[in-house]
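Here are my notes on the model. They are set out as numbered points, to be read beside the coordinates.

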Amino acid sequence: MEEATPLQAIIDYCKRKKAAIEDYPFGPEPLVMKVGGKMFALISDSSISLKCDPAIAENLREQHEAVKPGYHLNKKHWNTVLVDGSMETDDIWAMIDHSYALVVSKLTKAERERVEEAAK
């Protein structure tokens with residue numbers, strides 16, 4: 001098993017997404033990562049909450065003890081992943097990618113075009 005994914009590596013990975021911005025709408029914590037004004041990750045000192053397709057969300061919760069229903073979020077559409085070293089880094093990256101893609105897919109056409117432009 002790989003060593004725990006440090007939260008800073010998670011933050012850095014999220015920041016590398018096209019047009020991703022950091023926001024603190026709830027105060028100094030948690031860090032919210034947004035694209036097109038919509039949240040795709042909520043990062044606290046020991047976890048990351050990510051949007052997820054409901055069927056996939058259930059499956060991930062069954063497969064990984066570190067994956068829980070979204071804490072203070074819509075539990076059907078969000079998972080909270082405990083960053084405790086029990087999950088492979090690539091699995092966390094894949095969940096971040098999935099969350100980001102879901103959020104981008106729900107943006108308006110104009111907003112998706114702005115995201116693409118920001119990447120150039």
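1. The side chains of lysine 34 and aspartate 23 are joined by a polar contact of 2.8 Å. (A polar contact is a pair of N or O atoms within 3.5 Å; within protein, one must be able to donate a hydrogen and the other to accept it, and residues adjacent in sequence count only if both atoms are side-chain atoms.) Lysine 34 sits in strand S2, residues 31-35. Lysine 34 is buried, at a relative accessible area of 17%. (Buried means under 20% relative accessible area, exposed over 50%, partly exposed in between, with a 1.4 Å probe and protein chains only.) Leaving out residues up to four places away in sequence, lysine 34 touches Ala19, Ala20, Ile21, Asp23, Met39 and Phe40. (Contact means heavy atoms within 4.5 Å.)

2. A word on the basis. This is a predicted model, in which local features need pLDDT of at least 70 and side-chain atom pairs count only at pLDDT 80 or more, while totals for chains, interfaces and linings use all residues. Residues are numbered from 1 along each chain as its sequence is written, and side-chain values use heavy atoms, with hydrogens and water left out. Helices (H or I, at least four residues) and strands (E, at least two) are DSSP runs, numbered from the N terminus.

3. Next, helix H1, residues 7-15. Its buried residues are Leu7, Ile10, Ile11, Tyr13 and Cys14. Seen down the axis of H1, they fall within an arc of 160°, so they line one face of the helix. (The arc is that of the directions from the helix axis to the C-beta atoms.) The cover over these buried residues includes S2, strand S3 (38-43), S4 and H3.

4. Isoleucine 48 belongs to strand S4. Isoleucine 48 is buried, with a relative accessible area of 0%. Beyond four places in sequence, isoleucine 48 touches Ile10, Cys14, Ala41, Leu42, Ile43, Asn79, Thr80, Val81, Val83 and Ile96. Between isoleucine 48 and isoleucine 11, 37 residues apart along the chain, the C-alpha separation is 9.5 Å.

5. Which residues of helix H2 (54-63) are buried? They are Ala57, Leu60 and Arg61. Down the axis of H2, the buried residues fall within an arc of 100°, so they line one face of the helix. Ala55, Glu62 and Gln63, on the other side of H2, are exposed. Strand S5 (67-69), S6 and helix H3 (89-106) are among the elements that cover the buried residues. Aspartate 53 caps the N-terminal end of H2, with a side-chain oxygen 3.1 Å from the backbone nitrogen of alanine 55.

6. Leucine 102 is in helix H3. Leucine 102 touches Lys51, Cys52 and Asp53, residues up to four places away in sequence not counted.

7. The largest pocket holds about 210 Å³. Its lining consists of Glu29, Pro30, Leu42, Ser44, Ser46, Ser47, Ser49, Tyr71, His72, Leu73, Thr80 and Leu82. Strands S4 (47-51) and S6 (78-82) are the elements that give two or more residues to this lining. By type, the pocket lining has five nonpolar, six polar and one charged. (Ala, Val, Leu, Ile, Met, Phe, Trp, Tyr, Cys and Pro count as nonpolar, Asp, Glu, Lys and Arg as charged, and the others, Gly among them, as polar.)

8. One cavity of 30 Å³ or more is present. Leu50, Lys51, Cys52, Leu60, Asn79, Val81, Met95 and His98 line the largest cavity. (On a 1 Å grid over the protein atoms alone, a cavity is a set of points where a 1.4 Å probe fits but cannot get out, and a pocket is an open set with protein on both sides within 12 Å along at least five of seven lines; lining residues have an atom within 4 Å of a point. Grid points are joined across faces, edges and corners, and a volume is the space filled by probe spheres set on the points.)

9. Last, the backbone. Most residues other than glycine have a negative phi, and most peptide bonds are trans. A cis peptide bond joins glutamate 29 and proline 30, with omega about 0°. Proline 30 is in the loop between strand S1 (21-23) and S2. Alanine 19 has a positive phi of about 60°, and histidine 72 has a positive phi near 60°. Alanine 19 is partly exposed, at 27% relative accessible area. Histidine 72 is exposed, at 67%.
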